[in-house]
Amino acid sequence: MPPPEYLCLHSRNCTAIWELPPGEGPLWRYWGPRLPDGAMPPAALRSQRPEPSFSLHFDQPLSVFPGVGLGWFGASALLAHRGGGDWAQATTATRVEPVGSDTLRFHLSDDVAHIPAIITARLDPATDTLTLSTTLSNVGDGVLDVQWLAAGNVPLPEDAQSVRSFSGRHNSEFVALDDALSRSTWRRENRRGLTSHDCFPGAVVTCADGTAFGAQLAWSGNHVNQIEWCDDGRRHWQMGEWLAPGEVRLAPGASITTPELLATCSAEGANSVAQAFHKAIRARMKWPKGEMTPRKVHLNTWEGWYFAHDQAALKDLATAGAAIGIERFVLDDGWFHRRNGDDAGLGDWWADAGKYPDGLAPLADHVTGLGMEFGLWVEPEMLSPDSDLYRAHPDWALSIAGRPLLAARNQLVLDLTRPEVSDYLFGRIAALLETLRVAYLKWDHNRDLSTVGAQALYRRQVHGAYALMARIRAAFPMVEIEACAGGGGRIDAGIITHTHRFWASDCIDAVSRVAIQRGFLQFMPPEIMGSHVGASLAHSTGRMQGMAFRAGVATPGHFGVELDLRKLTEAETTELAQNIARYKRLRHRFHRGRVWQGETPDHIVWQAHGEPASLLLHVTRTQPTTQRHQPHLRLPMLDRARQYRVSRDGAETFMASGAWLASVGLPMPPMPGEDVMLWELTAA
Ligand code: GLA
């Protein structure tokens with residue numbers, strides 16, 4: 001027998017290795033932390049696995065594209081049939097096409113079922129991220145009904161122990177769920193039509209030796225996230241779109257490409273996984289000037305004004321905002337035709353004549369005249385039954401004949417697969433962008449999808465939204481877009497290729513935000529995490545928090561203010577202005593480099609931003625201490641061989657060795673129940 005052929009991709013910290021037996025798909029031999037160059041499997045996998053009792057004579061290990069019905073008994077990467085036939089599938093030949101030095105394209109054919117697939121695997125040396133996607137074609141005679149197609153499929157080692165995923169709801173995003181992995185299949189599904197609050201499309205797996213694996217699906221729709229135990233003790237992790245019955249029916253000659261699956265891993269645990277994801281997300285983003293500019297301080301009108309827009313008062317607000325350092329004024333919901341509550345107006349994207357008799361130009365000019373950018377809230381994919389648009393085009397709402405229209409927040413969803421609908425929306429938004437100096441759109445999506453067409457249109461609706469965003473960005477390349485969906489209902493690596501900020505949650509309560517932001521930062525970098533200073537009482541929770549705490553919690557993200565400045569005391573206004581000034585001084589450090597997160601016992605959570613030689617350390621106490629003396633805060637990322645100058649909140653304090661701070665920790669002074677402290681550690 002000829003020696004087996006292997007294929008290998010390395011990045012700085014990760015390695016992927018496949019074995020290529022003839023006449024079948026590539027077998028997964030390794031996905032994990034970096035192996036040295038040349039470290040290859042000692043022998044073909046099957047030669048190391050004697051046939052177990054009561055087993056097929058042809059052993060089928062995990063491949064990149066596991067099939068169904070032909071001897072692989074685990075979950076397949078594809079479930080599809082032609083009128084009940086061709087349901088059993090397996091790769092019969094593989095052609096490997098290298099693309100550059102970091103990408104392999106596996107051309108897999110199935111000469112019996114006539115369903116070829118191309119799996120693209122790119123291990124990016126700069127981000128340590130393995131990006132997988134699959135293209136499936138129907139080269140047979142009949143329509144191919146595709147029920148499931150994994151975007152990618154990666155192995156996990158035998159000692160994978162637990163998986164952290166995220167659940168939640170409106171006002172409570174990124175609730176961490178920790179599940180033990182066993183021989184049962186672990187599976188989460190989202191069928192809400194958009195990314196969703198309650199099923200973030202990603203997770204982190206931790207192994208007994210501390211190695212962590214992460215994966216996230218770059219997709220803003222339904223999805224499946226599944227980890228299954230294999231016969232050899234490994235597990236395999238699949239992600240892909242959840243498809244409704246009949247949603248994908250490929251005509252002969254047609255093909256489908258999945259969203260991308262981003263996977264990474266590190267022997268150093270979940271923080272390194274987050275760092276790789278941050279790099280990967282940064283690399284996916286398309287900034288107006290080619291690279292990120294300093295993240296401007298926002299003033300958003302929503303919680304201060306809701307629908308009760310008063311133009312004169314909003315101009316005063318803008319003036320007051322400019323005086324404390326605001327850089328971008330975002331006019332939220334309530335500005336358009338008959339939008340006096342959440343029960344009318346969506347679709348009628350022109351200024352309300354009662355609130356803005358001369359249109360939005362006077363306010364926009366006032367804002368830009370103060371040196372700030374003007375931003376506008378829109379919710380293009382939506383339609384109020386009480387709107388001129390609905391009265392003119394009731395058939396533009398997604399619906400199923402004979403079924404009731406199911407409203408949520410009094411609104412329906414426009415069918416973005418219809419070209420006339422996207423043309424209308426493009427025309428309306430373009431008119432606003434052309435006539436006003438709008439530099440920014442906050443793009444909302446405030447409901448889950450239902451009655452999504454006689455034949456399910458879920459995925460086409462997502463592609464419709466992406467296409468509309470892309471068209472707007474092509475026509476107005478200097479406009480930035482914020483992705484919002486009732487807060488953080490559409491946070492994912494797919495939409496971020498069209499957008500520049502996420503509104504992480506409608507909950508601005510600073511205590512709640514600590515947990516929400518921690519979950520967010522596991523997958524997304526801080527500069528795109530919209531974080532605002534809200535009012536006290538917090539509208540979402542009714543809790544009161546001091547200005548220093550509210551501003552402190554918002555500082556590492558993309559900072560903003562969302563309250564009626566007229567209601568602040570003079571002292572609070574001064575404190576807010578000082579915090580804005582501090583954010584501007586430090587944002588270039590918070591928003592580049594790496595992030596480490598951790599917690600000490602006794603309700604302290606921390607995040608360090610930068611590089612080990614120069615770190616900003618953001619420490620938050622969310623509840624009063626239960627200890628007489630505060631716990632030390634260990635900083636394992638520091639350079640143990642160096643001395644550090646340690647200062648707190650701008651004041652020089654002391655020198656300490658990196659080894660001491662890494663092993664014993666930074667002594668923590670007492671902090672009140674809700675407080676943020678900012679430390680700087682610089683290697684001397
Ligand atoms: C959603 C958003 C809020 C605000 C409102 C407006 O809830 O998350 O920030 O824009 O819509 O209706």
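**A walk from the ligand outwards**

Let's start at the ligand: the residues in the shell around it divide into four nonpolar, three polar and six charged. In this sorting, Ala, Val, Leu, Ile, Met, Phe, Trp, Tyr, Cys and Pro count as nonpolar, Asp, Glu, Lys and Arg count as charged, and the others, with Gly among them, count as polar. Before going further, keep in mind that this is a predicted model, where local features need pLDDT of at least 70 and side-chain atom pairs count only at pLDDT 80 or more, while totals for chains, interfaces and linings use all residues. Residues are numbered from 1 along each chain as its sequence is written, and side-chain values use heavy atoms, with hydrogens and water left out.

Who sits around the ligand? There are 13 residues around it, and Asp332, Asp333, Lys442, Gly487 and Asp506 come nearest. Being near means that one of the residue's heavy atoms lies within 4 Å. Some side chains point polar atoms at the ligand's oxygen atoms. Asp333 has a side-chain N or O atom 2.6 Å from a ligand oxygen, Lys442 has a polar side-chain atom 2.7 Å from one, and for Asp444 the distance is 3.0 Å. Taken alone, the ligand exposes 310 Å², and the protein buries 97% of that. Those areas come from the Shrake-Rupley method with a 1.4 Å probe; for residues, only the protein chains shown count as cover.

Next stop: Arg490. You'll find Arg490 in the loop between β26 (480–483) and β27 (501–503). The strand and helix labels are DSSP runs numbered from the N terminus: helices are H or I with at least four residues, and strands are E with at least two. Is Arg490 buried or exposed? Arg490 counts as buried because its relative accessibility is 5%; buried means under 20% relative accessible area, exposed means over 50%, and partly exposed is in between (1.4 Å probe, protein chains only). The side chains of Arg490 and Glu381 are joined by a polar contact of 2.8 Å. A polar contact is a pair of N or O atoms within 3.5 Å; within protein, one must be able to donate a hydrogen and the other to accept it, and residues adjacent in sequence count only if both atoms are side-chain atoms. The C-alpha atom of Arg490 is also 8.6 Å from that of Gly221, even though 269 residues separate the two along the chain.

Now for the aromatic rings. Rings of Phe, Tyr and Trp (its six-membered ring) pair if their centres lie within 6.5 Å; planes under 30 degrees apart are stacked, over 60 edge-to-face, and the rest tilted. By this rule, there are 21 aromatic pairs. One of them is the edge-to-face pair of Trp18 and Phe106, at 5.2 Å centre to centre with 70° between the planes. Trp18 lies in strand β2 (residues 14–19) and Phe106 in strand β6 (residues 103–109), so this pair ties together parts that are 88 residues apart in sequence. Trp18 is buried, with 0% relative accessible area, and Phe106 counts as buried at 0% too.

Another pair, Phe200 with Phe523, is tilted, at 4.4 Å centre to centre and 40° between the planes. This pair links distant parts of the chain, 323 residues apart: Phe200 is in the loop between β12 (186–190) and β13 (202–207), and Phe523 in the loop between α8 (510–521) and β28 (529–533). Phe200 and Phe523 are buried. They also belong to one aromatic cluster with Phe166, Phe174, Phe277, Phe502 and Phe520.

The charged end of Arg513 sits over the ring of Trp503, 4.7 Å from its centre, and Arg191 lies over the face of Trp242, 6.0 Å from the ring centre. For this to count, NZ of Lys or CZ of Arg must be within 6 Å of the ring centre and within 35 degrees of the ring normal.

Phe174, from the aromatic cluster, has a positive phi near 55° without being a glycine. Phe174 is in strand β11 (residues 172–180) and is buried, with a relative accessible area of 7%. Asp86 has a positive phi near 55° as well, but Asp86 is in the loop between β4 (78–81) and β5 (93–99) and counts as partly exposed at 32%. A cis peptide bond joins Ser536 and Leu537, with omega about 5°. Leu537 is in the loop between β28 and α9 (547–554).
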